[in-house]
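Here's a quick briefing to read alongside the model. Have the 3D view open and follow along.

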Amino acid sequence: MDWGFVLDFMFEISYLLAVFLLFMLWATFKGRQAMINVIIGLYFALLILIEFPYTDYLTANLGNGLAQSVGKLVLFAIFTILTTWLCYRIMPDEFQEKKFESYFKKFLLAGSASILVMAFSFHVLPVTEFLTPGTPLQSAFGAESSFFWWLMIPLVILFLL
């Protein structure tokens, strides 16, 4: 094991932890229903991004591969924000709780959203342009055979909570 591998692994773990921390803060300050809305919004955003016919048209004029990857990530972020906003409008806000109440459930929901982002990152989104291949995180989330199961875990958690 060389230092390059260790640094790549640290960079990927920091990516995972940053995503989880972002969702954990969102769940803490906005609540469980907000986190459920984000998870459903992520699923809808994936569906829309996969079937969106103008992705290549919008990202073709951005230049090199890295800029096109950033453009696709921005497009996914826009779809996620719009679908999450839609979920806020149509789903009731039934959980009236304090910030640190039912923290374990919020932890599970933040973990579920993180799993979705990681699975999307290594299968649909061009995050691999920014990460070095061959690290353990990519082996866990990047396997084609396990993509379905990574997508099912958040749904099972939503069902159980």
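Predicted model: local features only at pLDDT ≥ 70, side-chain atom pairs only at ≥ 80, totals over all residues.

Residues are numbered from 1 along each chain as its sequence is written, and side-chain values use heavy atoms, with hydrogens and water left out.

**Overall fold**

- The protein chain has seven helices and zero strands, where helices (H or I, at least four residues) and strands (E, at least two) are DSSP runs numbered from the N terminus.
- The radius of gyration of the protein chain is 17 Å, close to the 15 Å that the globule rule gives for 161 residues, so the chain is as compact as a globular protein of that length; the radius is taken over C-alpha atoms, and the rule is 2.2 Å times the number of residues to the power 0.38.
- Along the principal axes, the C-alpha atoms fill a box of roughly 45 × 40 × 30 Å.
- Of the 161 residues, 40% count as buried (buried means under 20% relative accessible area, exposed over 50%, partly exposed in between, with a 1.4 Å probe and protein chains only).
- Take the contacts (heavy atoms within 4.5 Å) between residues at least 6 apart in sequence: 76% of them join residues at least 24 apart.

**Helix α1**

- Helix α1 (residues 3–30) has 28 residues and should span 40 Å at 1.5 Å a residue, which agrees with the 40 Å between its end C-alpha atoms; the expected span is 1.5 Å times one less than the number of residues.
- E12, V19, F23, M24, A27 and T28 are the buried residues of α1, and their cover includes α2 (32–51), α5 (103–123) and α6 (136–141).

**Helix α7**

- The 14 residues of α7 reach 21 Å from first C-alpha to last, close to the 20 Å expected at 1.5 Å a residue.
- Buried in α7 are F147, W150, L151, P154 and I157, with α2, α5 and α6 among what covers them.

**The nonpolar core**

- The largest nonpolar core has 36 residues, and F23, L42 and F120 touch the most other members. Such a core is a set of buried Ala, Val, Leu, Ile, Met, Phe, Trp, Tyr and Cys residues joined through side-chain atoms within 4.5 Å.
- At least two residues of this core come from each of α1, α2, α4 (65–90), α5, α6 and α7 (147–160).
- Leaving aside residues up to four places away in sequence, F23 touches M35, V38, L42, A110, A113, S114 and V117.

**Aromatic rings**

- Five aromatic pairs turn up, given that rings of Phe, Tyr and Trp (its six-membered ring) pair if their centres lie within 6.5 Å, with planes under 30 degrees apart counting as stacked, over 60 as edge-to-face and the rest as tilted.
- The ring centres of F20 and F107 are 5.2 Å apart and the planes are at 80°, so this pair is edge-to-face.
- F20 lies in helix α1 and F107 in helix α5, so the pair ties together parts that are 87 residues apart in sequence.
- F20 is partly exposed at 21% relative accessible area, and F107 is partly exposed at 42%.
- F148 and W149 make an edge-to-face pair, 4.9 Å centre to centre with 80° between the planes; F148 is partly exposed at 46%, whereas W149 is exposed at 55%.
- F52, Y54 and F79 form one aromatic cluster.
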